Amino acid sequence: MNGHKRSLYGAHDATLSRPSLLLATGMAAPPQPGLFSLPVLPLRFVVKRHRASKLHTDLRIEAAGTLLSWAFYPLPSLDPAKIIHAREVGDHQIDYAMSERRIPDGSYGAGPVIVWDYGTYRPLAPFDGNEDRAVVEALQGGLLDFWVEGVNLKGGFRLELTPKGWRLTKLEDEFAAVERVRWEDRSVLTGRSLDDVEREYWDELRRLRGE
Ligand code: MN
């Protein structure tokens with residue numbers, strides 16, 4: 001494969017985009033020199049279901065070499081009238097984006113995690129330069145409209161910072177659905193439920209102990 005000089009979502013110079021943002025934001029360590037010649041790939045997102053002390057959803061979107069993250073209780077919705085109040089949580093490493101596991105007791109967030117959705121996204125507002133920077137600047141301004149191409153989620157969404165905190169809403173478009181979509185609370189990777197992940201974890205522990 002020869003290197004793409006254009007991303008899927010807009011023309012920009014792959015040799016300039018990510019390093020300049022990384023340096024500008026200080027959100028990640030400077031990349032290795034070899035990374036400057038890598039093709040620009042679409043930004044990714046992942047939605048996890050996580051049953052820790054309470055069942056919740058973790059939305060993580062890639063920008064500037066990390067996963068910016070929000071947590072909220074319900075599943076996402078395609079209904080533009082549904083407002084989901086979200087809490088911004090710490091960035092997560094991209095390496096763990098697709099991990100599905102049972103976080104052991106005694107660790108933060110102990111409990112099962114499944115990948116409920118994943119895919120790519122792009123900011124909707126016109127921008128100069130690169131997508132990473134557009135995303136970071138939009139969020140710093142308290143409003144990001146973005147288009148997602150996931151397995152479950154499709155279309156435009158809005159993350160907005162209000163005096164009461166962040167909220168996630170569906171934008172009006174061809175994927176908006178007023179009637180409630182009956183999402184399955186299952187992994188789009190493996191079809192497993194949270195209970196499945198929980199049960200497999202304890203089965204494996206018992207097997208390792210020779211029980
Ligand atoms: Mn979580």
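Start at the largest cavity: select strand S3 (43–51) and strand S9 (143–150), which each supply at least two residues of its lining. Strands here are DSSP E runs of at least two residues and helices are H or I runs of at least four, numbered from the N terminus. This is a predicted model, where local features need pLDDT of at least 70, side-chain atom pairs count only at pLDDT 80 or more, and totals for chains, interfaces and linings use all residues. Residues are numbered from 1 along each chain as its sequence is written, and side-chain values use heavy atoms, with hydrogens and water left out.

**The cavity**

One cavity of 30 Å³ or more is counted. On a 1 Å grid over the protein atoms alone, a cavity is a set of points where a 1.4 Å probe fits but cannot get out; a pocket is an open set with protein on both sides within 12 Å along at least five of seven lines; lining residues have an atom within 4 Å of a point. Points are joined across faces, edges and corners, and a volume is the space filled by probe spheres set on them.

Colour the lining by class: 10 nonpolar, no polar and no charged residues. Nonpolar covers Ala, Val, Leu, Ile, Met, Phe, Trp, Tyr, Cys and Pro; charged covers Asp, Glu, Lys and Arg; the others, Gly among them, are polar.

**The manganese site**

Select the manganese ion next. Its protein donors are His 50 (ND1), His 56 (NE2) and Asp 58 (OD), lying 2.1 to 2.3 Å from it. Donors are N, O and S atoms within 2.8 Å of the metal (3.2 Å for Na, K and Ca); water is not among the atoms, so sites may look incomplete. Along the chain the donors follow the spacing H-x5-H-x1-D. His 50 and His 56 are both buried. Buried means under 20% relative accessible area, exposed over 50%, partly exposed in between (1.4 Å probe, protein chains only).

**The pocket**

His 50, His 56 and Asp 58 are among the residues nearest the centre of the largest pocket, together with Arg 60 and Tyr 108; 26 residues line it. The pocket holds about 680 Å³ of space. Highlight S6, the strand that gives the most to this lining, with five residues. By class, the pocket lining has 11 nonpolar, nine polar and six charged residues.

**The core**

Select Ile 61, Tyr 121, Val 135, Leu 139 and Leu 159. These have the most contacts inside the largest nonpolar core, which has 29 residues. Helix H2 (residues 131–140) gives the most to this core, with four residues. Such a core is a set of buried Ala, Val, Leu, Ile, Met, Phe, Trp, Tyr and Cys residues joined through side-chain atoms within 4.5 Å.

Centre on Leu 159. Beyond four places away in sequence, its contacts (heavy atoms within 4.5 Å) include Leu 59, Phe 146 and Leu 168.

Go to Val 115 in strand S8 (residues 111–123). Val 115 is buried, with a relative accessible area of 0%.

Ala 64 sits in the loop between S4 and S5. Its phi is near 55 degrees, a positive value in a residue other than glycine. Ala 64 counts as buried because its relative accessibility is 3%.

Finish at Gly 165 in strand S11 (residues 165–170). At 22% relative accessibility, Gly 165 counts as partly exposed. Its C-alpha is 7.1 Å from that of Ala 86, 79 residues apart along the chain.
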